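Good morning, colleagues. Please bring the sequence and the model up on your screens, and I shall take you through a few of its features.

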Amino acid sequence: MKINPKNGIDKLIFGMKQNDVIAIYGKPNRNYKDEDDNVIFAYNALKIRLTFYKEEDLKLGYLVASSPDLELFGNKVINRKITEVKKDLAQKGITKFTQEEFDTFENYFNEENWIILQTEFEEVVKFEIGAIINAKDEFDWKFKK
């Protein structure tokens, strides 16, 4: 599954509605609401969780994935050492990361591309990507019907 910075993952494009996603991937294995009434879809086989923002007319705005098939710029991401992944990203000009620690986990956040690489024991275990917020402080939706 190809990660498309600022756009989404695979055929998932920020700004899609639930029906757009179901038309491509079928019904999710889980479908629930979070504490903010956002709609969450989870697809077990794809190892991906999708968030449709209530405040944004239920548009797809956030993805969390842990599939070993994830690729960013042609390189695998999951189950690789963070130092190797960051080295690959540096070749594409992505070098600024804010680092946070939680127990045995560390998050490496790149605001420009709104991505988070979550690691445990220095290995990437989860990848998160969110829709970009533009200069007008609005979401930059990429999906056009």
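In this predicted model, β6 and β7 form a hairpin with five residues between the two strands. Asp57, which lies in that turn, has a positive phi of about 60 degrees. The two strands pair in the antiparallel sense, over six bridges. Within that pairing, Arg49 stands opposite Val64 in β7.

β6 also has β5 as a partner: these two strands run antiparallel and are joined by five bridges. Here Tyr43 is found opposite Ile48 in β6. The hairpin of β5 and β6 has four residues between its strands, and Lys47 takes a positive phi near 50 degrees.

How many salt bridges does the structure hold? There are six salt bridges. One of them is formed by Asp37 and Lys54, whose closest N and O atoms are 3.7 Å apart. This pair links distant parts of the chain, 17 residues apart: Asp37 sits in the loop between β4 (30–33) and β5 (39–43), and Lys54 in the loop between β6 (48–53) and β7 (59–65). Asp37 is partly exposed, at a relative accessible area of 35%, and Lys54 is likewise partly exposed, at 46%.

A second example is Lys142 with Asp140, where the closest N and O atoms are 2.9 Å apart. Lys142 has 30% relative accessibility and counts as partly exposed; Asp140, at 28%, is also partly exposed. Elsewhere, salt bridges that share partners join Arg80, Glu84 and Asp88 into one network. Is Arg80 buried or exposed? Arg80 is buried, because its relative accessible area of 18% falls under the 20% limit. Glu84, in contrast, is partly exposed at 37%.

Leaving aside residues up to four places away in sequence, Asp88 touches Asn75 and Arg80.

Let us now consider the helix as a whole. Which residues of α2 are buried? They are Ile82, Val85, Asp88 and Leu89. These four lie on the same side of α2, because they cover an arc of only 125 degrees around the axis. In general, an α-helix has 3.6 residues a turn, so residues three or four places apart point the same way. On the other side of α2, Thr83 and Lys87 are exposed. The buried residues pack against β8, β9, β11 (105–110), β12 (115–120) and β13 (123–130).

Ile3 has Leu72 as its bridge partner in β8.

Thank you for your attention.

How values were computed: Residues numbered from 1 in each chain as written. Predicted model: local features only at pLDDT ≥ 70, side-chain atom pairs only at ≥ 80, totals over all residues. Heavy atoms only, no water. Salt bridge = Lys/Arg side-chain N within 4 Å of Asp/Glu carboxyl O. Buried < 20%, exposed > 50% of the residue type's maximum accessible area, 1.4 Å probe, protein only. Pairing = 2+ DSSP bridges. Contact = heavy atoms within 4.5 Å. Arc of directions from axis to C-beta.
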